[in-house]
Amino acid sequence: MLDIQKIRADFPILTQKVNGKQLVYFDNGATSQKPKVVIDAITKYYEEINANIHRGVHTLSQLATDAYEVSRGKIQQHINAKFPYEVIFTSGTTHGINAIANGFASILKEGDEVLVSALEHHSNIVPWQMLCEKTGAKLVVIPMNDEGELIISEFDKLLSDKTKVVTVNHISNALGTLNPIKYIIDKAHEFGAAVLIDGAQAVPHLKPDVQELDCDFYVFSGHKICGPTGVGILYGKEEWLRKLPPYQGGGEMIATVSFEKTTYADLPHKFEAGTPNIAGGIVLGTAIDYLNEIGFENIQAYEHELLEYGTKRLLEIDGLKIFGTAKEKTSVISFNIEGVHPYDIGTIIDKLGIAVRTGHHCAQPIMDFYQIPGTIRASFAFYNTKEEIDIFVEAVKKAKMMLS
Ligand code: C6P
């Protein structure tokens, strides 16, 4: 059992008034709010140990380097990577996917296939499209059904010896669907394909075990798990990270440089060119500690209650349709109201202090599938409450009345 009021007290922003009303923050899918320990850890870093890492012999540089590497170790443990050097700091999910898609440009050739799913965020579509344009490989889409689930029997049929990469999200940002990634990974491996999992929407709700999953790559952003923006993680199996060329060239990622030839640094530095988001990397470890203290089992159970309650309450509204009714889903409710544009609902309820996302959620193919311009998306976190859901439902009812 979670003590929600105690947890809420950890998040200074939750006491904020927006447009004169108590904030109800239901845009956690876009980014999570930050607990005081994370905010304080950022200040502490800049006040006490700010220095560049892996470069200086001086004390501050050593302290910053140690803190950064301790955080890498925490993240390694959290996702159960085999080695710390399989954990690469990035600027976020988008960076991680681009790094890998770019790496495959040296491997893929005409006739090869990259399988993406119909449920992807643009970040897990566009980099692969760019790769296919560059290499002549073909982008093939695993279709979805009306419930917002992947049609796995079709995935089975699409796999072949031509499949070189399979890339799917763990959880859909637009619908909340939890995909059967273990099945997808094992099946893709039977055909020798590499598998990337976009975990951006999964890590706020669960603790991925990359060894058990046996995925080749797993990427996520820090800002969705109570960490700062501008930092994320690319996990890659050692053999793949050694095989793929680096994404960016520059300082830190080299062993030797001359005008004739450059040799690359060992992992993880080969993929970490330039000065990184040092504070972000260190504090991501703090955020993960915070979440582990609350416990992912507790988080999941409580968020499931919020999902069930929110779904039941919203369905009281006439003409309201939920998009994404998968059997396995997390605390995201995407919906529309007949005859009303989602943007108008979002704008009115914002005046009532409620933050939701409206639009295509960077997943236009999903909206095209349903033939809608977008949805209203309420995404709940462990610090939200049923009382907030009640306020939200009343606000949506009011907006509907004003608009129809
Ligand atoms: N989704 C949302 O409101 P970045 O921007 O790199 O931190 O994450 C990109 C990304 C990739 N994959 C998935 C499944 C995502 O949900 C996101 C980010 C946010 O749904 C902002 S668009």
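How far from a nitrogen atom of the ligand does a polar side-chain atom of K224 lie? The distance is 3.0 Å, in a predicted model in which local features need pLDDT of at least 70, side-chain atom pairs count only at pLDDT 80 or more, and totals for chains, interfaces and linings use all residues. Residues are numbered from 1 along each chain as its sequence is written, and side-chain values use heavy atoms, with hydrogens and water left out. Of the 510 Å² of accessible area that the ligand has on its own, the protein covers 87% (Shrake-Rupley method with a 1.4 Å probe).

**Ligand site**

- The ligand is surrounded by 16 residues, a residue being near a molecule if one of its heavy atoms lies within 4 Å of it.
- The closest of these residues are T94, D198, Q201, S221 and R357.
- By class, this shell holds three nonpolar, nine polar and four charged residues; Ala, Val, Leu, Ile, Met, Phe, Trp, Tyr, Cys and Pro count as nonpolar, Asp, Glu, Lys and Arg as charged, and the others, Gly among them, as polar.
- D198 places a polar side-chain atom 2.5 Å from a nitrogen atom of the ligand, a polar contact being a pair of N or O atoms within 3.5 Å.
- For H223, an N or O atom of the side chain is 2.8 Å from an oxygen atom of the ligand.
- The ligand lies between domain 1 (4–28 + 295–403) and domain 2 (51–292), because both give residues to the shell around it; the domain bounds come from an automatic or database domain assignment.

- Seven strands form an open sheet in the order 4-10-9-8-7-5-6, with mixed pairing; strands (E, at least two residues) and helices (H or I, at least four residues) are DSSP runs numbered from the N terminus, and two strands pair if DSSP finds at least two bridges between them.
- Strand 4 (87–90) and strand 6 (138–142) are the edge strands, each with a single partner strand, so one side of each is left without a neighbour in the sheet.
- On average, neighbouring strands of this sheet are turned by 20° against each other, direction ignored, with axes taken as lines fitted to C-alpha atoms and angles that run from 0 to 180 degrees between N-to-C directions.
- Strand 8 (residues 194–198) and strand 9 (residues 217–221) run parallel and are joined by three bridges; I197 stands opposite Y218 in strand 9.

- Strand 13 is joined to the antiparallel strand 14 (residues 332–337) by four bridges, and F323 has S334 in strand 14 as its bridge partner.
- Strand 11 (residues 254–257) and strand 12 (residues 262–264) run antiparallel with three bridges, and a hairpin of four residues connects them.
- Within this pair, I254 stands opposite Y264 in strand 12.

**Backbone exceptions**

- Most residues other than glycine have a negative phi, and most peptide bonds are trans.
- The peptide bond from L267 to P268 is cis, with omega near 0°, and P268 lies in the loop between strand 12 and helix 10 (278–294).
- H54, although not a glycine, has a positive phi of about 60°; H54 sits in the loop between helix 2 (36–49) and helix 3 (59–79).

How values were computed. Polar contact = N/O pair within 3.5 Å; in protein donor to acceptor, adjacent residues only side chain to side chain.
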